[in-house]
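Morning, everyone. I have one structure to walk through today. Please have a look at it before I start.

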Amino acid sequence: MSSMEPKEFVLAGVVMKRLLSGDETNGQFCLFENISGGNTTTPIHVHAEDDETVYVIEGEMTAVVNGEVRRVTAGQSIFLERRVPHQLMNTSGRPARYILIGTPALFDRFLAEAGHELRPGEVVGPPSPEEIDRLRAASPKFGITLLPDWPAPNASRDHSP
């Protein structure tokens, strides 16, 4: 049972509600419920020390894993393995809701430093230059390498790495 009230964060335009932190799981994993408004793109990146598992509850996401594009729709999941470049996008123009599990729990600490807590009444949009700078500064501290060209200039709906 969770002893902490769920907190909501914003990172790369996605609202991420922390359901379980690493403190609550002895560092084994962290669990988030995420909402993407329909036009979000993470940087192409590589985790050195943790894996991510995504389960789509509603809508659809596009995962690019090691250059291969995969559409993940409601009821489907994808495993994003450490040391493999990946990117997660929702360019459908429609909201998507998905579960993110980070194993072991590093992502929750990264999110607290790289993102920001959702403010009351905040309308979440594309990340500001300050948010991008914060994400870039925090990434190496958590074993995350951001690969070039994010955000892509004049990104279109047919974005590919």
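I'll go from the whole chain to one strand, then the core, then the charged pairs.

First, a caution. This is a predicted model.

Let's start with the overall picture. The protein chain has 161 residues, and 43% of them count as buried. Its secondary structure comes to two helices and 13 strands. The accessible surface is about 8500 Å². Carbon and sulfur atoms make up 51% of that surface. Now the contacts. Take those with a separation of 6 or more: 66% of them join residues 24 or more positions apart.

Look at E10, residues 86–90. How many of its five residues are buried? Five of the five are. Now check the directions. His86, Leu88 and Asn90 point one way from E10. Gln87 and Met89 point the other way. There is a general rule here: in a regular strand the side chains alternate between the two faces of the sheet.

Which strands pair with E10? Strand E4, residues 40–41, is joined to E10 by two bridges, and the two run antiparallel. Thr40 stands opposite Asn90 there. Strand E7, residues 60–65, is joined to E10 by four bridges, again antiparallel. In that pairing, Val65 has His86 as its bridge partner.

Now the helix H1, residues 107–114. Its buried residues are Phe107, Asp108, Phe110, Leu111 and Ala114. Why are they on the same side of H1? Because they cover an arc of only 160° around the axis.

The largest nonpolar core has 27 residues. Leu11, Val54, Phe107 and Phe110 have the most contacts inside it. H1 gives this core its largest share, four residues. Let's follow Phe107. Leave aside its neighbours within four places in sequence. Phe107 then touches Leu11, Met16, Cys30, Phe32, Asp50, Glu52 and Leu100.

Find Ser139, in the loop between helix H2 and strand E13. Is Ser139 buried or exposed? It is buried, because its relative accessible area is 1%, and the cut-off is under 20%. Beyond its neighbours within four places in sequence, Ser139 is in contact with Phe110, Ile144 and Leu146.

Last topic: charges. Side chains of opposite charge can pair when their charged atoms come close. The count here comes to eight salt bridges.

Here is one of them. Arg82 pairs with Asp51, and the closest N and O atoms are 3.0 Å apart. This pair links distant parts of the chain, 31 residues apart. Arg82 sits in the loop between E9 and E10, and Asp51 sits in strand E6. Arg82 is partly exposed at 24% relative accessibility. Asp51 is buried at 10%.

Here is another. Glu60 and Arg71 meet at 3.1 Å, N to O. Glu60 is in strand E7, Arg71 is in strand E8, and they are 11 residues apart. Glu60 is buried, with a relative accessible area of 18%. Arg71 is exposed at 52%.

Then take Glu122 and Arg119. Their closest N and O atoms are 3.6 Å apart. Arg119 is partly exposed, at 48%.

One network to finish. Salt bridges link Glu33, Glu58 and Arg97.

Key: Residues numbered from 1 in each chain as written. Predicted model: local features only at pLDDT ≥ 70, side-chain atom pairs only at ≥ 80, totals over all residues. Heavy atoms only, no water. Buried < 20%, exposed > 50% of the residue type's maximum accessible area, 1.4 Å probe, protein only. Arc of directions from axis to C-beta. Contact = heavy atoms within 4.5 Å. Areas by Shrake-Rupley, 256 points an atom, 1.4 Å probe, with all protein chains shown as cover. Pairing = 2+ DSSP bridges. Core = buried A, V, L, I, M, F, W, Y, C linked by side-chain atoms within 4.5 Å. Salt bridge = Lys/Arg side-chain N within 4 Å of Asp/Glu carboxyl O.
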